[in-house]
Amino acid sequence: MLTTIKEISAHVGKEVKVGGWLYNKRSSGKIQFLQLRDGTGFIQGILVKKQVSPEVWEQANHLTQESSLYVWGVVREDERAPGGYEMDITNIEVIQIAEEYPIAKKEHGVDFLMDHRHLWIRSPRQQAILRIRAEIIRAIQGFLDENGFTLVDPPVLTPSSCEGTTNLFHTKYFDEDAYLTQSGQLYMEAAAMALNKVYSFGPTFRAEKSKTRRHLIEFWMIEPEMAFVDHEESLKIQEQLVAHTVQAVLANCKQELKTLDRDLSALENIKAPFPRITYDEAVELLHKEGFADFTWGDDFGAPHETKIAESFDRPVFITHYPTEVKSFYMKPDPNRPEVVLCADMIAPEGYGEIIGGSQRIDDPVLLEQRYEQHALPREAYEWYMDLRKYGTVPHSGFGLGLERTVAWICGLDHVRETIPFPRMLYRLYP
Ligand code: 4AD
Ligand code: MG
């Protein structure tokens, strides 16, 4: 039975067998220091020439970076060791002496690292990010599962668009045209009418020719949808969800955040409630802050969002956007139909929009008018109209972009490091 490095503390004074890879090696002639990693952690193994057979010593001499091996050794507590433990090696069995590893310890350019993404993910920093990503998913699903939401999986291949037709990924579905999903929302609305509070978690696709640090072509979204919930209540759920997620990462990923050198004080602030400003107020703020020619009715770009976020120490909701810049399904404000009951949640520290959400149009007559205004093919939405014919109810939902949330919580420069194998403009490999 193998022991993992993560659980090594339970075996002090005993001999264990670990399966792993050589991360680094130092030698002083009579002693070799083998830095081992097994994916659960790092540990130093100490090999003393006098204490092992000549064969074992000889094998260790040939180990290169990323060589795979089994190591037997006695676990010892050591305050000076990074993880608090070391191993006195008694035996090793080499599985493979690795070829010269392309990712040396020197600096590499981003393109080189991206071409070697399948190996790059072995680095301590990338491991930390992927572990935090997993914790974020766990925290979000945990929160929703505990608050009465049911997980529902919408399809990936779809006959219609949810977020406009300009960035649809087209494919053939035998003789029909089909698209990769941009958002599961419309299906989640159907699910909410069946199961009340629901959420989906899956990949979504946008053929956007954007080459920014916030855009991926394939990204993962969590999309809650809630029957009998209005815009205001939806905001409360969103802020609780995000605050819970940040606190879970702080509590459960201390080591990973340290590896990333993340400024924890910026995360400790993240508690509900979050501030709210209207689109109108945001425009006013921009006019005062050097964006004098921003006109009412335009959508915010990254520099605008960053400027707005600078005024707050936690995520901020921008609510009530102009109806014309938002999607066809958003419910107009009954008191002011030129704006919709929607909100984008903008993360602090320049990370931009992490959530887009709204109350949905429940009135069949109003929804009917929207297809033409948005140049959408009416036939593809026949089933969606049924949701307004057979017991329509007020309902709201939102989509949380996983990679932007991971980038923010980890404090990364770019979303490309937040997903194991990023799909970006000009990058489909590996
Ligand atoms: O604001 P969006 O487009 O909203 C929707 O798709 C709604 N149908 C969601 C819903 O109400 N169920 O996208 C939601 C979030 C954004 O706030 C952003 O975090 C992320 O998805 N996102 C992207 N992340 C990475 N790369 C891209 N190209 C993204 N586009 C959106
Ligand atoms: Mg949006």
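The questions and answers below concern salt bridges in this predicted model.

Me: How many salt bridges does the structure hold?
Reply: Side chains of opposite charge can pair when their charged atoms come close. A pair is counted here when a side-chain nitrogen of Lys or Arg lies within 4 Å of a carboxyl oxygen of Asp or Glu. By that criterion, the number of salt bridges in the structure is 30.

Me: How many residues apart in sequence are the parts that Glu417 and Arg125 tie together?
Reply: The side chains of Glu417 and Arg125 meet in a salt bridge, with 3.2 Å from N to O. Because Glu417 lies in the segment after helix H13 (402-410) while Arg125 belongs to helix H4 (residues 124-146), the pair ties together parts whose separation in sequence is 292 residues.

Me: Is Glu417 buried or exposed?
Reply: Buried means under 20% relative accessible area. Glu417 has a relative accessible area of 10%, so the residue is classed as buried.

Me: Which strand does Arg276 lie in?
Reply: Arg276 and Glu232 meet through their side chains in a salt bridge of 3.4 Å, N to O. Glu232 lies in helix H6 (residues 231-252), and the pair ties together parts 44 residues apart in sequence, so the other part is the one that holds Arg276, namely strand S12 (residues 276-278).

Me: What is the relative accessible area of Arg336?
Reply: Arg336 and Glu338 form a salt bridge through their side chains, at 3.1 Å from N to O. Glu338 counts as partly exposed at 40% relative accessibility. Arg336 is also partly exposed, and its relative accessible area is 28%.

Definitions and conventions:
Residues are numbered from 1 along each chain as its sequence is written. Chains are lettered from A and ligands numbered from 1 in the order in which they are written. This is a predicted model: local features need pLDDT of at least 70, side-chain atom pairs count only at pLDDT 80 or more; totals for chains, interfaces and linings use all residues. Side-chain values use heavy atoms; hydrogens and water are left out. Helices (H or I, at least four residues) and strands (E, at least two) are DSSP runs, numbered from the N terminus. Buried means under 20% relative accessible area, exposed over 50%, partly exposed in between (1.4 Å probe, protein chains only).
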